[in-house]
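Student: I would like to go through this model and ask what lies behind the words used for it.
Tutor: Go ahead, one term at a time.

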Amino acid sequence: MIKKSFISVFLSLLLTFIPAITVSAAETVSVSAPAAVLMEASTGKILYEKNPHEKRPCASITKVMTLILVFEAIDSGKLKLSDTITASEHAASMGGSDIWLEPGESMTAGDMIKATVVASANDAAVALAEKISGSEESFVNQMNQKAKKLGMKDTVFKNCNGLDEEGHITSAYDVAVMSRELIKHKKVFDYTSVWLDWLRNGETQIVNTNKLLKSYSGITGLKTGTTDDAGCCISATAERDGMGLIAVVLGADTGKQRFADAAALLDYGFANYAYKELKPPKNIPDSVKVNGGMAAKAQINCTVSGGIIMNKSSMDEVQISIDVPGELEAPVNKDQKIGSVKYKAGNEERSFDITTEEAVKKTGFGLIFAEIFDSLLTL
């Protein structure tokens with residue numbers, strides 16, 4: 001009995017001096033593909049990169065930009081999901097992955113989008129492009145204009161479906177940028193989440209090329225691509241605990257490798273980072289005193305939106321600082337910036353302007369007389 005008590009005490013003391021073993025988030029991630037990027041979707045913050053601006057073909061990832069223009073056309077009313085699209089000889093002539101459109105064959109825009117997203121159909125992508133812009137060439141011009149607007153400096157599109165073509169290039173970073181733009185159109189998830197579906201009244205079965213839909217928790221999309229020049233590529237989107245990630249892998253040797261790399265990137269992001277939604281501070285004043293004005297004070301406003309990315313390893317608290325003057329000198333303009341609210345967590349910082357909600361004119365005899373005269377008229 002004494003021996004057992006001694007052992008118990010010894011073990012208790014030993015455990016006191018042995019530091020607790022904790023499981024920490026992964027600090028690194030291994031990606032075998034030649035180029036990759038991990039981006040947080042809401043902020044655009046890069047969490048990992050490997051040759052992010054190396055110019056490479058991206059195969060059917062090209063269709064991400066095609067779909068951006070398609071959904072913009074839907075949002076503007078230029079295209080409806082119920083619209084009938086008839087395949088041209090040019091659209092029907094596409095090789096690679098397709099749904100075997102015949103020249104003159106018609107489908108709804110909704111089914112053409114489904115074929116483009118789920119089956120990565122090259123012919124359906126061209127049919128959509130021709131419907132929106134009249135020709136694939138005109139549509140591709142719009143693709144390049146949109147790429148320029150988004151700041152995609154590494155990208156030149158030569159077609160709308162990603163078939164290998166000289167000079168048709170992009171980068172892992174640019175793919176992440178356009179993927180982030182596409183998923184702003186939430187309707188796209190109605191298609192990217194589909195594993196298996198049918199076209200032509202059940203005659204044609206289509207299966208999603210994104211195998212992560214069956215294996216990765218939180219996966220929402222987005223697009224795969226494979227050609228001889230591009231290798232195996234993917235832009236994978238996923239969401240957990242309110243944080244969205246975009247994992248881009250270009251040039252993998254095999255389809256299995258691209259899915260493994262994308263999953264590793266997403267695992268790294270979810271293990272190491274968290275999204276903290278920002279809210280307006282409660283102690284921000286409603287108004288600021290105005291000296292020499294027709295009103296004694298000016299109402300102020302600060303619109304706070306979005307969030308900040310926090311590193312789980314540091315778990316820094318979000319620090320809030322309010323910079324607003326105690327008083328203003330008239331005149332004061334409406335929407336005039338007078339200060340800011342800043343949020344900081346670790347190395348991350350976001351700032352929002354504090355502005356005036358109304359104008360306050362400077363005091364003057366003429367203005368005072370006019371105010372008195374107007375008040376007398378209303379008596």
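Student: Are Y343 and F352 buried or exposed?
Tutor: The model is a predicted one, and in it both Y343 and F352 are buried.

Student: What makes Y343 and F352 an edge-to-face aromatic pair?
Tutor: Their ring centres are 5.8 Å apart, and the limit for a pair is 6.5 Å. The planes stand at 80°; an angle over 60 degrees counts as edge-to-face, so that term applies. By this rule the count comes to 3 aromatic pairs.

Student: How do you know that the span of helix α2 agrees with its number of residues?
Tutor: Helix α2 covers residues 63-76, which is 14 residues. At 1.5 Å a residue it should span 20 Å, and its end C-alpha atoms are 20 Å apart, so the two agree. After α2 comes G77, with a positive phi near 90°.

Student: Why is α2 called largely enclosed?
Tutor: Because 10 of its 14 residues are buried. Among them are V64, L67, V70 and A73. The buried residues of α2 pack against several elements, including α4, α5, α6 and β7.

Methods
Residues numbered from 1 in each chain as written. Predicted model: local features only at pLDDT ≥ 70, side-chain atom pairs only at ≥ 80, totals over all residues. Heavy atoms only, no water. Helix = DSSP H or I, 4+ residues; strand = E, 2+ residues; numbered from the N terminus. Expected span 1.5 Å × (residues − 1). Buried < 20%, exposed > 50% of the residue type's maximum accessible area, 1.4 Å probe, protein only. Contact = heavy atoms within 4.5 Å. Phe/Tyr/Trp six-rings, centres within 6.5 Å; stacked < 30°, edge-to-face > 60°.
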